[in-house]
Amino acid sequence: MSHSSGSSEASDPLDIRDDEGWEDAEPDVESIQIVSLFDDQVFPDVKSMIEDCKKRHQFDFIGVQKQLGLDFLGSIKLVNYIRSEVKNGNKNPDVSSASKFEDDKYLQPTLADDAVLFSLDELENDEESADASAQAQASGPEARVKELEEELQDMKRKFAEYQQTVSETLDQRWNETEPAQNGEAGPSGTKMVANAVKDKDGVDSSYFDSYSYNDIHETMLKDTVRTDSYRDFIYENKHLFAGKTVLDIGCGTGILSMFCARAGAARVIAVDNSSIIEKAIVNVHNNGLSDKITLLRGKIEEVTLPVDKVDIIVSEWMGYCLLYEAMFDSVVYARDRYLKSDGLLVPSHCTLQIAPFADDDYVAENVDFWRDVYGFNMSAMMEKIRHDVRIRSLTTDKLAAKSSQFLELPLHTITVPELEFVKEFTVELNKDIDTLDGWCIWFDTFFLQSRDAKLPEDARAESWSQPGVAFTTGPGGKPTHWESGLLLVERAGDEGGLKKGQKITGTVNYKKEGKNARGLDIEMKWEVVGEENKKYSQLWNL
């Protein structure tokens, strides 16, 4: 199945516009079940549960409220703090000071759909409420109805304030100067893992921070070629995911994890080292998938997964020109450490393509432009202007030959050392060109249904018709957020031009860029076949 354009459906399985939000939730009183703060025992109301905690666990919740002078939000934090401590095996949480649970992370429910949080009003000023009730009953039923209506409105107001507070603190939680400690319980009881120690150049810190903001995730989600490909492969192959344990590396907003959970996965473990995972936790909770998806913050190389092995690893790790960002190194680590011997990587294969680029207008508008800017010579701006890889959406009419596949990556077996390479290519010009202006590099991605499936020789995503899903980032398909890599050359191919049918051979060298292990250097050497004087070499940075 080829994905040269986005697909549409009658309905999106992750569209929650018709779902009930907290502000609209008005559960039937008879259906409310209050779960104990210390075990799984269920009670018909919060007062019964609090009494049981006092008798069986020697924990006086109301006494702690009064002693610490907790307001409504403070009581919310206390509930979530206790649940989080108990979940971590501490049956005797320290409540000697409100500072123990002042962190705003405790505003997030530790227990999904925790009815206790909706019932705390019943505990406030219990004695005064009893007196008021007695007075209301003495005054008649109308006064009692009025009192109940006022209590209901007050409870709605407080929960509106609670929800607003949670919303305002989400963006701040993981941007604090002090990271969470390893194993600290985060929202919804999810185990959070601290930031990795920043390396001396701050490279990894900057890299992960770049994924903390909405814009980059919005761009990726709106890339329908990308997102539809993952969704379609997962939904069209539910038999591969049903009952399986899936690892999602670099989970971002959690979209791929939720696809897998909806496809029938028994368990999904989502890992990300940027603060976006805080929002992913809420996304998962709001879609009712907290029971299936566990979210961990940290590098995959440093976190401890709650399982020994997984059946499937899904990850959207690809960068510009495929290997920029070097995220696949982490996928290889996880593959070798956690994937079962018969497990599946999603996607399963990638290829790299190269083609010659010729476009006089592009060079004039983007390079020669600096020779005359409003009548001023700004040619100083042209220094090293051809040294950086440009990321652009190009069209096939700007290519002077059919692309040559210079590398296939079988993702189940390729090793990290093989991600730095020198590969040969040959292209044959399909038209006359005045000059060779540059090279265009892009990648194709394939989702095959088995780890043993072989990718056909010179497979091309834009014409893919076999089982599975494929998409291209090249000029032959619908533009993606990856676009293509454009490498402008320092010298023209020849003042006399190049003719249709002439061949150009050469090598492409991918290597990591010096101190920045996530950067990429691309070096090329090429020559026109049969003409010894037409040999060139150039290095680009990304």
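Gln58 is exposed, with a relative accessible area of 64%, where exposed means over 50% relative accessible area, buried means under 20%, and partly exposed covers what lies in between (1.4 Å probe, protein chains only). The residue belongs to the loop between α1 (46–56) and α2 (61–68); helices (H or I, at least four residues) and strands (E, at least two) are DSSP runs, numbered from the N terminus. Everything described here comes from a predicted model, in which local features need pLDDT of at least 70 and side-chain atom pairs count only at pLDDT 80 or more, while totals for chains, interfaces and linings use all residues. Residues are numbered from 1 along each chain as its sequence is written, and side-chain values use heavy atoms, with hydrogens and water left out.

**Backbone angles**

Most residues other than glycine have a negative phi, and most peptide bonds are trans. Gln58, although not a glycine, has a positive phi of about 55 degrees. Lys384 is another residue other than glycine with a positive value, its phi being near 60 degrees; Lys384 sits in the loop between α13 (360–366) and β9 (390–392) and is exposed, with a relative accessible area of 55%. The peptide bond from Val346 to Pro347 is cis, with omega near 0 degrees, and Pro347 is found in the loop between β7 (339–346) and β8 (349–357).

**The chain as a whole**

The protein chain has 13 helices and 17 strands, and of its 542 residues 50% count as buried. Among contacts (heavy atoms within 4.5 Å) with a separation of 6 or more, 73% are between residues 24 or more positions apart.

Helix α12 (residues 328–338) is mostly covered, since 8 of its 11 residues are buried, including Phe328, Arg335 and Tyr338. The cover of these buried residues includes the strands β3 (245–249), β6 (310–315), β7 (339–346) and β15 (503–513). Arg335 is also one of the residues in contact with His412, and others in that list, which leaves aside neighbours within four places in sequence, are Gly343, Leu344 and Arg451. His412 lies in the loop between β10 (404–410) and β11 (421–428) and counts as buried at 8% relative accessibility.

**Aromatic rings**

A pair of aromatic rings is described by the distance of the centres and the angle of the planes. Rings of Phe, Tyr and Trp (its six-membered ring) pair if their centres lie within 6.5 Å, and planes under 30 degrees apart count as stacked, over 60 as edge-to-face and the rest as tilted. By this rule the count comes to 20 aromatic pairs, and two of them are set out below.

| Pair | Centre to centre | Angle between planes | Class |
|---|---|---|---|
| Trp317 and Phe328 | 4.3 Å | 35 degrees | tilted |
| Phe406 and Tyr510 | 6.2 Å | 55 degrees | tilted |

Trp317 lies in the loop between β6 and α12 and Phe328 in helix α12, so this pair ties together parts that are 11 residues apart in sequence. Phe406 lies in strand β10 and Tyr510 in strand β15, so their pair ties together parts that are 104 residues apart in sequence. Both Trp317 and Phe328 are buried, and both Phe406 and Tyr510 are buried. Ring pairs also link Tyr230, Phe233, Phe443, Phe447, Phe471 and Trp482 into a cluster.

Thr426 has its place in strand β11 and, at 42% relative accessibility, counts as partly exposed. Leaving aside its neighbours within four places in sequence, Thr426 is in contact with Ser404, Lys503, Ile504 and Thr505. The C-alpha atoms of Thr426 and Glu527 are separated by 9.9 Å, although the two are 101 residues apart along the chain.

On the surface, Tyr374, Phe376, Met378 and Met381 form a nonpolar patch with about 530 Å² of accessible area together. Patches are made of residues with over 30% relative accessible area and no salt bridge, with like charges joined within 9 Å and nonpolar side chains (Val, Leu, Ile, Met, Phe, Trp, Tyr) within 5 Å; a salt bridge is a side-chain nitrogen of Lys or Arg within 4 Å of a carboxyl oxygen of Asp or Glu. Met378, in the loop between α13 and β9, is partly exposed, with a relative accessible area of 33%.

Methods. Accessible areas come from the Shrake-Rupley method with a 1.4 Å probe; for residues, only the protein chains shown count as cover.
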